Amino acid sequence: MVRYAVPGTVKGYTMKNLVILSVAGLALTACATSGGPSESRVEAARQAAIESGELVCRERRQTGSQFRRQTCLTPEDWARMEGDVDTAFRDINRGEPLSDNN
């Protein structure tokens, strides 16, 4: 079947349809990028917590990765995490299982 160009159309679509599709595409794009203000408020709150000393940020490297990743925790959380690691290493060196779920 051969389609002939009809005046006022582009490959079978009318100009009205093309305009509607274009506006819908722009609206969806605007919705997808509208997360900015809430993200900036979260980042501002995070920065305020860091400056007040409520959060301590450290750069850490995950095993198997060359990239460093910044992790921010409270001083109590950092102490608990370091204590957990020390306990795990102590248990491994004694030959004890890591968990009681055996």
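A search of the whole structure, which is a predicted model, finds one disulfide. The two residues joined are Cys-57 and Cys-72, with their sulfur atoms 1.9 Å apart. The link of Cys-57 and Cys-72 is right-handed, with an angle of 105° about the S-S bond. This pair connects distant parts of the chain, since Cys-57 lies in strand S3 and Cys-72 in strand S4, 15 residues apart. Strand S3 covers residues 56–61, and strand S4 covers residues 68–73.

Is Cys-57 buried or partly exposed? Its relative accessible area is 24%. Buried would require under 20% and exposed over 50%, so Cys-57 counts as partly exposed. Ile-92 is also placed between these cut-offs, because its relative accessible area is 47%.

The two residues compare as follows.

| Residue | Element | Relative accessible area |
|---|---|---|
| Cys-57 | strand S3 (residues 56–61) | 24% |
| Ile-92 | helix H3 (residues 75–94) | 47% |

Ile-92 belongs to a nonpolar surface patch of about 350 Å², together with Met-81, Val-85 and Phe-89. In an α-helix there are 3.6 residues a turn, so residues three or four places apart point the same way.

How far apart are the end C-alpha atoms of H3? The distance is 29 Å. With 20 residues at 1.5 Å a residue, H3 should span 28 Å, so the two values agree. Just after H3 comes Gly-95, which takes a positive phi of about 85°.

Technical notes:
Residues numbered from 1 in each chain as written. Predicted model: local features only at pLDDT ≥ 70, side-chain atom pairs only at ≥ 80, totals over all residues. Heavy atoms only, no water. Disulfide = S-S within 2.5 Å. Helix = DSSP H or I, 4+ residues; strand = E, 2+ residues; numbered from the N terminus. Buried < 20%, exposed > 50% of the residue type's maximum accessible area, 1.4 Å probe, protein only. Patch = residues over 30% accessible without salt bridge, like charges linked within 9 Å, V, L, I, M, F, W, Y side chains within 5 Å. Areas by Shrake-Rupley, 256 points an atom, 1.4 Å probe, with all protein chains shown as cover. Salt bridge = Lys/Arg side-chain N within 4 Å of Asp/Glu carboxyl O. Expected span 1.5 Å × (residues − 1).
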